[in-house]
Amino acid sequence: MPTVAPLDLEGHCVAAVFLGDVPHFAMADGTVHRLDHGHKTVQANDGLLAAFHDAANDRLITGGEDGKIFSVTAGGNVKELASAGKKWITSVAGGPQGAIAYATGKTAFVRFADGKTREFVHPRSVEGLAFSPKGMRFGVARYNGATLHFPAAEGKPVELEWAGAHTGITFSPDGAFLVTTMQENALHGWKLADGKHMRMTGYPGKVKSLSWSVKGKWLASSGAPAAIVWPFSGKDGPMGKAPLELGTRGNAMATAVACHPSQDVVAVGYDDGMVMAVRFSDAKEVLLRRPGKGAVTSMMWDKEERRVAFGSAAGDCGVIDITA
């Protein structure tokens, strides 16, 4: 049976991540807690609104109500990367060559590693940001679709239209597909080579969490009483194919998903605090954590594939060791 090392914190956990091999928990008040030979804390933002795990640079990027963007690295090193004055930072992302993106209101900014910054103004508010894994381009989720920018080059952005409010955004690991979460209970996708649309509907709730499987063959999502896992191995992604429904529970909603680093397995967190691991091939389930306090908001596997860090909306955080 997996063992859980609990960490009972105050408030809402925005991100639970591993930096190096140390679990870090970024809370809505801007404190970042870590379990590193004891419980230690550092302060990043004064009021945290957005966090992004920048895997390539092994850092957490945070933005908040104080208009500042910080990086937090293993050992609790906090560094201010950028500031937007008194405006709230509502979205952040990390990209290639140490670049970061952040948004406030209708404006998205890209700050390159050398400190140079470019801004991109949109007609409506910027809701989500993501960098493509291929080349220097980034996507913005906005009202009625998404916009692709090429911040290192001049030229027009690519506009991808679809009616409705798009709230979050992700590129597939091979850069072939772009998927947004929507204000309605749906995902929308585009095949970037030809702009073909992919409608992923039928969710009873809003999708708050997405996770690509290793090599990007599957996209796991929350927003239902199970993890809804869409197949992306074909050239047209999930078009005409049914998703897997993994870890179905009759009385709880999946609120967070985290795919395993090397196997076709997903950790699923629910609105009652339970966490399960489920295998794609045969839907076999392993209970990782019994129900607790608050909906699971964030989870991440460590590099050694034996621990899962998790955080909840009620500050009920911890680390699950699956090898115990």
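Which strands form the open sheet of four strands, and in what order? Select β1, β30, β29 and β28: they make up an open sheet in the order β1-β30-β29-β28, with antiparallel pairing. Strands are DSSP runs of E of at least two residues, and helices are runs of H or I of at least four; both are numbered from the N terminus. Two strands pair if DSSP finds at least two bridges between them.

Before going on, note that this is a predicted model, in which local features need pLDDT of at least 70 and side-chain atom pairs count only at pLDDT 80 or more, while totals for chains, interfaces and linings use all residues. Residues are numbered from 1 along each chain as its sequence is written, and side-chain values use heavy atoms, with hydrogens and water left out.

**Stop 1**

Colour β1 (3–8) and β28, the edge strands, each of which pairs on one side only. From one strand to the next, the twist averages 15°; axes are lines fitted to C-alpha atoms (for helices, over the stretch in contact), and angles run from 0 to 180 degrees between N-to-C directions.

Now select residues 296–301, which are strand β28. Five of the six residues of β28 are buried, where buried means under 20% relative accessible area, exposed over 50%, and partly exposed in between (1.4 Å probe, protein chains only). Met-299 has Phe-310 in β29 as its bridge partner. The two strands form a hairpin with five residues between them, and in the turn Glu-305 has a positive phi of about 65°.

On the way to β30, look at the pairing of β29 with β30: antiparallel, over four bridges. Here Arg-307 has Asp-321 in β30 as its bridge partner.

**Stop 1: Arg-289**

Select Arg-289 in strand β27 (residues 285–289). Is Arg-289 buried or exposed? Its relative accessibility is 10%, so Arg-289 counts as buried. Show its side chain: one of its polar atoms lies 2.6 Å from the backbone oxygen of Gly-273. A polar contact is a pair of N or O atoms within 3.5 Å; within protein, one must be able to donate a hydrogen and the other to accept it, and residues adjacent in sequence count only if both atoms are side-chain atoms. Contact in general means heavy atoms within 4.5 Å. Leaving aside neighbours within four places in sequence, the contacts of Arg-289 include Val-4, Phe-310, Asp-316 and Ile-320.

**Stop 2: the nonpolar cores**

A nonpolar core is a set of buried Ala, Val, Leu, Ile, Met, Phe, Trp, Tyr and Cys residues joined through side-chain atoms within 4.5 Å. Select Phe-25, Leu-60 and Cys-317, the residues with the most contacts inside the largest core, which has 22 residues. β2 (13–19), β3 (22–27), β8 (68–73) and β30 (316–321) each supply at least two residues of this core. The largest share, six residues, comes from β2.

**Stop 3: the cysteines**

How many disulfides are there? The count is zero, a disulfide being a pair of cysteine sulfur atoms within 2.5 Å. Select Cys-13 and Cys-317: the sulfur of Cys-13 has its closest cysteine sulfur in Cys-317, at 4.1 Å, which is too far for a bond. Cys-13 is buried, with a relative accessible area of 0%. Cys-259 is in no disulfide either, and the nearest cysteine sulfur, that of Cys-13, is 19 Å away. Cys-259 also counts as buried, at 11% relative accessibility.

**Stop 4: the six-stranded sheet**

Select β14 through β19, which form an open sheet in the order β14-β15-β16-β17-β18-β19 with antiparallel pairing. β14 (128–131) and β19 (196–200) stand at the edges with a single partner strand each, so one side of each has no neighbour in the sheet. The twist here averages 45° from one strand to the next.Inside this sheet, β15 pairs with strand β16 (residues 158–171) in the antiparallel sense over five bridges, and Ala-146 has Leu-160 in β16 as its bridge partner.

End on Ala-141, in strand β15 (residues 138–149). Ala-141 counts as buried, at 0% relative accessibility. The C-alpha atoms of Ala-141 and Glu-127 are separated by 5.4 Å, with the two residues 14 apart along the chain. Not counting residues up to four places away in sequence, Ala-141 touches residues including Ser-125, Glu-127, His-166 and Ile-169.
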